[in-house]
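Trainee: I would like to go through the terms used for this structure and see what stands behind each one.
Mentor: Then ask, and each value will be set against its definition.

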Amino acid sequence: MTVSVIVPLYNVEKYIEKCATSLFEQTLKDNLEFIFVDDCCTDNSLNILTDIIAKYPQRSSSIKILHHNQNKGLAAARNTGYAAASGQYIIHCDSDDWVAPEMYECLLVKAEAEKADVVFCDYIGIYKHKQITFRQSTTNDPSTILSKLLDGTLHNGVWNKLIHRSLYEHLNMLWQDEVNMWEDVSIIPRLVYFAKNISYVNKPLYFYNQTNASSYTRCKSSQSAKQIDAAFTIINDFFSSKPGLKYADSLIRFKHRALYGILTRVPSGEERFWIEKYHPDSQFILHNPFRGLNNLIYNLYLKRHYRLARTILNIINRIKYAIR
């Protein structure tokens with residue numbers, strides 16, 4: 001198989017039909033395998049998936065369904081999927097999202113034509129009231145792209161990037177089990193670090209569903225904050241061990257992103273612990289990458305005005321939900 005598509009599966013009965021159908025109707029007919037990892041679904045997701053597979057007998061030989069014997073989380077499901085993948089290129093698809101019919105053919109053609117280690121594309125955010133296209137255009141310079149990934153100006157999703165499996169082989173650890181929040185952030189910069197050639201397809205080929213209230217990205221808890229912190233540690237340790245100061249500024253901005261993500265997710269009363277842990281001194285604060293309302297909210301947290309920061313953040317989120 002040339003391309004392996006890894007699909008973690010957990011309680012997505014409302015979405016899996018659209019996801020699986022979009023995968024099986026890909027214009028890339030050969031050299032494409034689909035690996036579904038059942039993380040102990042408790043709803044009807046597996047039965048729906050089985051029914052959809054029956055409608056595409058021509059795809060049956062290229063479909064694997066793997067099962068965890070207990071719920072292990074998104075990171076473990078990605079590890080399980082990767083271990084079973086036989087493709088030269090690896091890509092992921094979240095089971096509440098879907099893809100354009102030509103997505104994997106477009107990415108593969110680009111990869112082969114330009115001998116790229118990584119090929120990424122634009123994506124469309126799907127909200128309750130609208131769709132928003134997120135352009136990922138940038139230079140083809142791996143160093144610049146890596147800085148943008150750390151800064152957060154490029155999305156770290158594993159689902160819009162076709163990655164040559166040789167990049168994975170550089171890493172001793174892929175996804176850390178139980179780090180299910182920011183799990184993509186914990187690996188994409190490390191993979192891109194080893195890329196020699198990166199290409200870009202200027203098309204929105206992935207549909208990123210933001211209407212699933214149960215998705216990991218919506219989780220707000222002490223546990224999700226700890227997972228962001230763990231993802232930050234993985235990236236910080238990795239790049240801090242590299243020679244020179246090439247990514248020093250980007251790592252500072254990455255640390256700001258992690259702290260902001262933690263502060264906006266933790267329950268009331270835990271903010272001080274995290275601020276003290278990250279120790280945002282005056283020199284660190286000078287490199288604050290945020291602007292506008294995000295900058296206001298972040299600085300309110302840092303100045304210990306937690307209630308006001310949460311109030312403004314809740315108002316903004318309600319407005320976003322109403323208009324999107």
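Trainee: Leaving aside its neighbours within four places in sequence, which residues is Arg78 in contact with?

Mentor: Ile6, Pro8, His92, Asp94, Val158, Trp175 and Glu183. Contact means heavy atoms within 4.5 Å. Keep in mind that this is a predicted model, in which local features need pLDDT of at least 70 and side-chain atom pairs count only at pLDDT 80 or more, while totals for chains, interfaces and linings use all residues. Residues are numbered from 1 along each chain as its sequence is written, and side-chain values use heavy atoms, with hydrogens and water left out.

Trainee: Where is Arg78 found?

Mentor: In helix α3, residues 74–84. Helices (H or I, at least four residues) and strands (E, at least two) are DSSP runs, numbered from the N terminus.

Trainee: Why does Arg78 count as buried?

Mentor: Its relative accessibility is 1%, so Arg78 counts as buried. The cut-offs are under 20% relative accessible area for buried, over 50% for exposed and in between for partly exposed, with a 1.4 Å probe and protein chains only.

Trainee: What makes Arg78 and Asp94 a salt bridge?

Mentor: The closest N and O atoms of Arg78 and Asp94 are 2.9 Å apart. A salt bridge is a side-chain nitrogen of Lys or Arg within 4 Å of a carboxyl oxygen of Asp or Glu, so a pair that meets this limit is given the name. The two residues are 16 apart in the chain, with Arg78 in helix α3 and Asp94 in the loop between β4 and β5. Both Arg78 and Asp94 are buried. Arg78, Asp94 and Glu183 are linked in a network of salt bridges.

Trainee: How many salt bridges does the structure hold?

Mentor: It holds 10. One of them joins Asp229 to Lys277, with the closest N and O atoms 2.7 Å apart. That pair links distant parts of the chain: Asp229 is in helix α8 (residues 222–240) and Lys277 in helix α10 (residues 271–278), 48 residues apart.

Trainee: Are Asp229 and Lys277 buried or partly exposed?

Mentor: Asp229 has a relative accessible area of 9%, so Asp229 is buried. Lys277 has 46%, so Lys277 is partly exposed.

Trainee: What makes Arg310 and Glu271 a salt bridge, and why is the pair said to tie parts together?

Mentor: The closest N and O atoms of Arg310 and Glu271 are 2.5 Å apart. Arg310 lies in helix α13 (residues 306–323) and Glu271 in helix α10, so the pair ties together parts that are 39 residues apart in sequence. Arg310 is partly exposed at 23% relative accessible area, whereas Glu271 is buried at 1% relative accessibility.

Trainee: Why is β1 called largely enclosed by the rest of the structure?

Mentor: Because seven of the seven residues of β1 are buried. Both faces of β1 are covered, with Val3, Val5, Val7 and Leu9 on one side and Ser4, Ile6 and Pro8 on the other.

Trainee: How do you know that β1 and β2 are paired?

Mentor: Two strands pair if DSSP finds at least two bridges between them. Seven bridges join β1 to β2, and the strands run parallel. In β2, Leu32 is the bridge partner of Val3.

Trainee: Which strands are joined to β8 by bridges?

Mentor: Strand β4 (residues 89–92) runs antiparallel to β8 and is joined to β8 by two bridges. Ile90 stands opposite Ile163 in β8. Strand β6 (residues 118–126) pairs with β8 in the antiparallel sense over three bridges, and Phe120 has Lys161 as its bridge partner in β8. Both faces of β8 (residues 161–164) are covered, Lys161 and Ile163 being buried on one side and Leu162 and His164 on the other.

Trainee: What is called a cavity, and how many of 30 Å³ or more are there?

Mentor: On a 1 Å grid over the protein atoms alone, a cavity is a set of points where a 1.4 Å probe fits but cannot get out; lining residues have an atom within 4 Å of a point. The count comes to one cavity of 30 Å³ or more. The largest cavity holds about 50 Å³ of space, where a volume is the space filled by probe spheres set on the points, and grid points are joined across faces, edges and corners. Its lining includes Val118, Phe120, Ile145, Leu149 and Lys161.

How values were computed
1 Å grid on protein atoms, 1.4 Å probe; cavity = no way out; pocket = protein on both sides within 12 Å on 5 of 7 lines; lining within 4 Å.
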